[in-house]
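Here is a note on the model below.

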Amino acid sequence: MNHDDQLRIISALVENKPGVLYRISNLIRRKSFNIESIAVGPAEIPGLARMTFTMFSDHARFDQVMRNIDNLIDVQNIEPLEERNATVRELALVKFSPGAPATRPEIMNLIETFRANIVDISPDTLTVEVSGDSDKINAFVNLTRNFGLKKVARTGTVALAREMITQKVT
Amino acid sequence: MLNLTKMSGAQAVVEALQREGVQAVFGYPGGANMPIYDALYDFQSFQFTPLNEKSFRHVLARHEQSAAHMADGYARASGRTGVCMATSGPGATNLLTGLATAYMDSSPVVAITGQVPSFMIGSDAFQETDIVGMATSVTKYTFQPLRVKDVPYSIKAAFYLATNRRPQPVLVDIPKDVQQGEDEVEFPEHVDFPNYQPLPDPDPMIVKTIARSIMDAKRPVILAGGGVKMANAYHELQAFAELLIAPVVTSFMGKGAFPENHPLSLGCMGMHGSERTNKLIPECDILVVIGSRLSDRTTGKIEKFAPNTKVIHIDADKAEIGKNHKLPVVSLVADAKKALQALTRELEASMVGSERDTWVKRTQEVMVMAKTELDGNGSYLSGTETIRMLRRFLPPKAIVATEVGQHQMWCEQHFQVIEPRTFLSSGGLGTMGFGFPAALGAKVACPDVPVFDIAGDGSFQMTENSLATSIEEDIPVTVVILNNRMLGMVAQWQRFFYNRRYSAVKLGRSPDFVKLAQSYGAEGVRVETLMDLETAVNRAMRSPVTTVIDVPISPEEDVLPMLPPGAGLKEMVVG
């Protein structure tokens, strides 16, 4: 670990075709990074996709892997983002089986506090969607562990640069 | 004018290669690339192309790894893209070592592999392998055309990418049904990669900044890497160095970027560079690095590399800036040739006779000191002496390839490279077995030039079956084996770092390389004196067939001086 190790975000605009994700993730693997999260989807321009990667790194190694990714033929452009200069979001689906009916009000309380939504409900289970930065989702998941937490599915971080970083709003 | 022609995918491959001006293809047929070989057969008998160019030559290797090295050697000797071919599965995986070798040394190679039919991909069909996935780490790009129509574009794009910016290998993997299918195809004149444009001209502001730093320096040194050779910037480097009267050192890959008999040449630096050259680097006040990635073998321990020196880093690949040497004071991402031209122009305007004379004098002293004594070694010829004598016997234009190991490092130290593109060696990957097939590829590219492979007995055995190619395809070269019956470099490390515990390094006396050569129809000769060596070399250069010259040397001779791994440039082991 280096003193400036921190979670860093790469946002890459790439050709939307087979093999591109492999090339980038393979490159990151070759440079001995662990990818903390990946999110991929079509971008605003037809034929292009935006990929968001997060990984822990110091500045120097991160800078180098950025240059390497930028060298890839299928990468149109790439920008490094940090939580202070970007809007950063992640979405999670969290499934509970609360068991005793007594716990339900407490779950409902948490759902409200975290501005989460119930998206599926059955006699035994409850599925909730929650979005925010990764810390918020971590907090939600941790707080609900005592209420019959069953499964968590997370999208991984997506991020876009803020246009005016001086006027930070959430 | 729409230029549509009906043909098979395989014919389109051959046609596209021809349109790229390919003169030779090195390959090996098999089940999944048979349609391409069938098209090659056609191609030899009649011309289906409107261009009416001379047909190109297919050279049959005896192992796909050798085919890739041949294409690589062809590229390094000629500056043109080398082409190799293999079938799917083992054919393709055998290419990988060759592609990795070319990748590490930035050599433009296009590899064309057959693949199982597209509808069987993913079914673990016979001889199916995911070569696209496997080759991704050792190529710049891979193509897998899934329609006949896509074949011409893939080949055109592969050639474009292999040479654009930093040269690197590109793979085109073509399923068999795509080779067999027929369609109306069009051959594009141009391909465009908006995300991968040619390098822009050197930024004039950065050029000015660099020029100013150089003008302010009292003790400048130029460090040239393989990038200078790949960019064909030989003359530009010489003009630049002569203008500055600055000494030039090279990395191992840069060996030959600057004529080593030039008064300003200080030879190679690094693990087996000259001791005094290595010691000079931390003394200079500015180091202009051109086309070198500053590998660990070049710099020694990076923290001790040039701690008080301003490093200026010029490279075609922006990912090399700051990778190994973290803090160049100025960096310029540019083609070496254009960068040197721009810098020379800029400096010419402001140069006046300088107080650098003392520095020049110091470097001259270093060069005189660097001439170490020739040493004999008991009853054997010495490896270093043999290499020095070879330089004397070989014409300057002769192309020399090497294998990997002690003989290679003795070449680094004692074989002066004078002419451009005459020294071919696997520096980055260090691939034993590279030299002989690379020599054959070089000979195909430059048939009028004598070509040599300086080898060790260990390395030569990796690809010695290329003797068959050299005889059957009429590609005469000369192999000089410095035969110590050992894996000499590993043995040396065991002597130095493992208390002489020789583990798995003794190769013994087999094979008899003279008889081995003769069994292939090549000339084989053993020499034990320098006079015999000269005779054998002269005979070999006149011989119509390949000659193997076996030179027994001592198993105990070391490559010295040596920079132990992890040591700084001033900490060389001399003896």
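1. How far apart do the C-alpha centres of domain 1 of chain B and domain 3 of chain B lie? They lie 29 Å apart. This is a predicted model: local features need pLDDT of at least 70, side-chain atom pairs count only at pLDDT 80 or more, and totals for chains, interfaces and linings use all residues. Residues are numbered from 1 along each chain as its sequence is written, with chains lettered from A and ligands numbered from 1 in the order in which they are written.

2. Chain B has three parts: domain 1 (4-186), domain 2 (204-370) and domain 3 (383-552). The bounds come from an automatic or database domain assignment.

3. Domain 1 of chain B puts 25 residues into its contact with domain 3 of chain B, which supplies 26 residues. Contact here means C-beta atoms, placed from the backbone, within 7 Å.

4. On the domain 1 side, strand S2 (24-27), strand S3 (57-60), helix H3 (64-78) and helix H4 (90-104) of chain B each give two or more residues. H3(B) gives the most, with 11 residues. Helices (H or I, at least four residues) and strands (E, at least two) are DSSP runs, numbered from the N terminus.

5. That side divides into 11 nonpolar, 10 polar and 4 charged residues. Ala, Val, Leu, Ile, Met, Phe, Trp, Tyr, Cys and Pro count as nonpolar; Asp, Glu, Lys and Arg as charged; the others, Gly among them, as polar.

6. Between the chains, 14 residues of chain A contact 14 residues of chain B. Helix H1 (20-30), helix H2 (59-71) and strand S4 (75-81) of chain A each give two or more residues to the chain A side. H2(A) gives the most, with 6 residues. By class, the chain A side has 4 nonpolar, 5 polar and 5 charged residues.

Terms used. Two residues are in contact if their C-beta atoms, placed from the backbone, lie within 7 Å.
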